[in-house]
Amino acid sequence: MLLACGAYKKRLNKDYSNVFYLEDRYSHAKAHNEILKAEKIVVLGSTMDAFQTASSVRAYLNSIGYQKTEVILLHEGFSEIHKNMSDKVSHVINKMLAKEGI
């Protein structure tokens with residue numbers, strides 16, 4: 001499963017059964033059910049929202065006994081944390097995420 005985080009939501013030209021836009025409680029429930037089925041979840045983005053999403057998904061899965069589900073945070077280049085807060089802060093946050101299993 002791929003979770004994309006960003007400031008601008010772009011709709012695809014076609015409807016796909018495995019693409020969800022989190023807009024209301026029904027779309028949230030559908031995405032939640034897919035998270036439970038997934039073996040691997042990739043959170044795409046370099047913003048604080050992406051980091052928080054990855055951390056929250058991992059914590060939730062751990063709390064319900066889904067430790068085997070892999071959660072990956074993927075971004076290109078330097079993250080927003082690195083750009084705005086420094087290399088040291090970025091390193092500490094990445095270390096914390098790794099300790100969580102991300």
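Strand β1 (residues 2-4) lines up with strand β2 (residues 40-44) in the parallel sense, over three bridges; strands count as paired if DSSP finds at least two bridges between them. Within this pairing, Leu2 has Val42 of β2 as its bridge partner. The model is a predicted one, so to speak of its local features takes pLDDT of at least 70 and side-chain atom pairs count only at pLDDT 80 or more, while totals for chains, interfaces and linings use all residues. Residues are numbered from 1 along each chain as its sequence is written, and side-chain values use heavy atoms, with hydrogens and water left out.

On to the next strand: β2 and strand β3 (residues 70-74) run parallel and are joined by five bridges. Here Leu44 finds its bridge partner in Leu74 of β3. Together with helix α2 (residues 48-63), β2 and β3 make a β-α-β unit that is right-handed, meaning that with the strands pointing away from the viewer the path from the first strand over the helix to the second runs clockwise.

Overall, the protein has four helices and three strands, in the order β-α-β-α-β-α-α along the sequence. These elements are DSSP runs numbered from the N terminus, with helices being H or I of at least four residues and strands being E of at least two. The C-alpha trace spans about 40 × 35 × 20 Å along its principal axes.

Helix α4 (residues 87-100) has 14 residues and covers 20 Å from first C-alpha to last, close to the 20 Å expected at 1.5 Å a residue; the expected span is 1.5 Å times one less than the number of residues. At the start of α4, a side-chain oxygen of Ser86 comes to within 3.4 Å of the backbone nitrogen of Lys88. Just after α4, Gly101 adopts a positive phi of about 105°.

A pocket is an open set of points on a 1 Å grid over the protein atoms alone, where a 1.4 Å probe fits, with protein on both sides within 12 Å along at least five of seven lines; lining residues have an atom within 4 Å of a point. Among the lining residues are Arg11, Tyr16, Phe20 and Lys30.

Methods:
A polar contact is a pair of N or O atoms within 3.5 Å; within protein, one must be able to donate a hydrogen and the other to accept it, and residues adjacent in sequence count only if both atoms are side-chain atoms.
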